Amino acid sequence: MKSINLITWPTIGYLLGGAGLTCLLVAGGLGLGLGLGLGLAALQVYGPRRAAALVGLYAWFFRGVPILVLMFLFHFGLVSWLEELVRACFNYRLRIPALASAVVVLGLCSGAYQSQIFRGAMLSIPAGQFRAARALGLTGTQAILSIILPQALRLSIPAWSNEYSILLKDSAIAYVIGVTEIMARFKAVASTNYQYLLMYSLAGLVYYFLTAVGVRLLLSLYDRVRWPGLAERAD
Amino acid sequence: MTEPVLEVSHISKSCGGRLILDDVSLSLNKGELKVLIGPSGGGKSTLLQCIHFLQTPDAGEIILEGRPASDMGRRHINVFRRQIGMIFQDFNLFDHLTAEHNVAIALRKVKKQSRAQALNRAREELARVGLADKGDLYPAQLSGGQKQRVSIARALAMDPKVMLLDEPTSALDPELIGEVLKVIADLSQSGMTMLMATHQIGFARHLTSEIIFMEAGRITESGPPAELLSTCGLSRAAGFCAKLNQLMGRG
């Protein structure tokens, strides 16, 4: 039975390692995007008009340029240039791993999308609640942190689970700058055992599995933190 | 003569080139309830919001217990604000918090009380407005009248020196108005100083020391209810009230 040898235990370990790297990419990208998105949204909604305009520009740029282009631009353009600069100035061989570059690019992109998710959620909290909080003596920052954000965050979870599933699939693009995540490893295995149909189907299945599990978890989180009166999820 | 708790002195405010408040002055002594009436768009809400600096007046001065707000500077406006309770027409409860926590949150964030201390006080205030058993409910689970009573409890918990009420019953079903008015009447009897914009003339007539009629950004008439309303449609205010009473079926 030749087919039994197609995928050996070490191979399975290698492939699962790829899934681990993908999870790292997603966690890093989503985490960075979350911080960035929240800050940008707050700036766009509550900040001075000029800052809001800059945030809008940022969001348009990262929503308007393909991630593939951004990956090349960042890793082979900016990062290489930075490494050169550090070597020239400090005589130090700085190496920024492709994984780090990929996380930053995914994070910057996701931040742009997430800022728009959070902006919508913040704007949907009735302005009267902010006014009431100020009337009770809370500062603007306190009102945002303890009245607006707790509601906006919970409200955002369904849209955010969408962002998770998109970013998970976008993370496959990290393959092009040399991150050996799921896609890269399945391709490597396929090119040794020539089972392209099987290997790429399996790769697809792994992505599907990660998406399904993650989205399911996020939606059950939504159910758990939903307050009476907040819409039940529609799925 | 005691010094007034709240003095509003020559407040003006315009918005988009339109004068909304035109040189408005009034004062409230301790324990007094004064009522603002007049047609919508006359400046009642704007006046209340200016007193609370939710809108900044263009000119004039707000004096609380002899201390002008302008002395406090913009940075201490929060200190000024929390001495004045504000009740809104549409309650503005925090939707994600239970009734108890709606009342407790400002105690914790502004007065830096512990969670237990704040919740204790919240339960006390809820009991005071007749909602002792509703503390665990969320706004969506309360009726309009109950929501407004929670918002009154929320304001009371901050120990305000004055309460401003902006049409507290206008968003309520007729059968729910009574419970809110009763809470307000009790408050007034217990000595709370209040300024209330309302269309509830019948209610105002019995409790208030002075009715202030506002129209087009100015106080056009004011006086004790008996005096102001007895001129039988001669004055603008009495005419307005007669119309309101007619609407309410008490014509």
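The model is predicted: local features are reported at pLDDT of at least 70 and side-chain atom pairs count only at pLDDT 80 or more, while totals for chains, interfaces and linings use all residues. Residues are numbered from 1 along each chain as its sequence is written, and chains are lettered from A and ligands numbered from 1 in the order in which they are written.

Chain A contains eight helices and zero strands, where helices (H or I, at least four residues) and strands (E, at least two) are DSSP runs numbered from the N terminus. The order of elements from the N terminus is α-α-α-α-α-α-α-α. The C-alpha trace of chain A spans about 75 × 50 × 25 Å along its principal axes. Of its 235 residues, 35% are buried; a residue is buried if 20 or more other C-beta atoms lie within 10 Å of its own, exposed if 12 or fewer, and partly exposed in between, with C-beta atoms placed from the backbone. Two residues are in contact if their C-beta atoms, placed from the backbone, lie within 7 Å. Among the contacts in chain A between residues at least 6 apart in sequence, 76% join residues at least 24 apart.

Within chain A, helix α1 (residues 9-46) packs against helix α7 (residues 182-193) at an angle of about 160°, with the axes 7 Å apart. Axes are lines fitted to C-alpha atoms, for helices over the stretch in contact, and angles run from 0 to 180 degrees between N-to-C directions. α1(A) and α7(A) are therefore roughly antiparallel; angles under 35 degrees count as roughly parallel, over 145 as roughly antiparallel, 65 to 115 as roughly perpendicular and the rest as oblique. On the α1(A) side the contact is made by A:Thr11, A:Tyr14, A:Leu15, A:Gly18, A:Ala19 and A:Thr22, and on the α7(A) side by A:Ile182, A:Ala184, A:Arg185, A:Phe186 and A:Val189. Seven residues of this contact are nonpolar, three polar and one charged. In this classification Ala, Val, Leu, Ile, Met, Phe, Trp, Tyr, Cys and Pro count as nonpolar, Asp, Glu, Lys and Arg as charged, and the others, Gly among them, as polar.

Chain B has an open sheet of four strands in the order β2-β1-β4-β5, with antiparallel pairing; two strands pair if DSSP finds at least two bridges between them. The edge strands of this sheet are β2 (18-28) and β5 (67-68), each of which pairs on one side only. Strand β1 (residues 6-15) of chain B is joined to β2(B) by seven antiparallel bridges, and B:Val8 has B:Leu26 as its bridge partner in β2(B). These two strands form a hairpin with two residues between them, and B:Gly16 in the turn has a positive phi of about 60°. β1(B) also runs antiparallel to β4(B), with five bridges between them, and B:Ser12 stands opposite B:Ala59. Strand β4 (residues 59-64) is in turn joined to β5(B) by two bridges, again antiparallel, with B:Leu64 opposite B:Arg67.

A further antiparallel pair in chain B consists of β9 (residues 210-215) and β10 (residues 218-223), joined by five bridges. B:Ile211 stands opposite B:Gly223 in β10(B). This pair forms a hairpin with two residues between the strands, and B:Ala216 in the turn has a positive phi of about 50°.

Most residues other than glycine have a negative phi. B:Asn92 has a positive phi, near 55°, and lies in the loop between β6 (84-87) and α4 of chain B. B:Asn92 is buried, with 23 other C-beta atoms within 10 Å. B:Lys112 also has a positive phi, near 60°, and lies in the loop between α4 and α5 (115-128) of chain B. B:Lys112 is exposed, with 9 other C-beta atoms within 10 Å.

The axes of α4(B) and helix α6 (residues 144-156) of chain B come within 8 Å and cross at roughly 25°, and the two helices are therefore roughly parallel. The contact is made by B:Ala99, B:Asn102 and B:Val103 of α4(B) and B:Val150, B:Ala153 and B:Arg154 of α6(B). Four of these residues are nonpolar, one polar and one charged.

The contact between the chains takes 22 residues from chain B and 19 residues from chain A. On the chain B side, α3 (77-81) and α4 (99-109) each supply at least two residues, and α4(B) gives the most, with three. The chain B side divides into 11 nonpolar, five polar and six charged residues.
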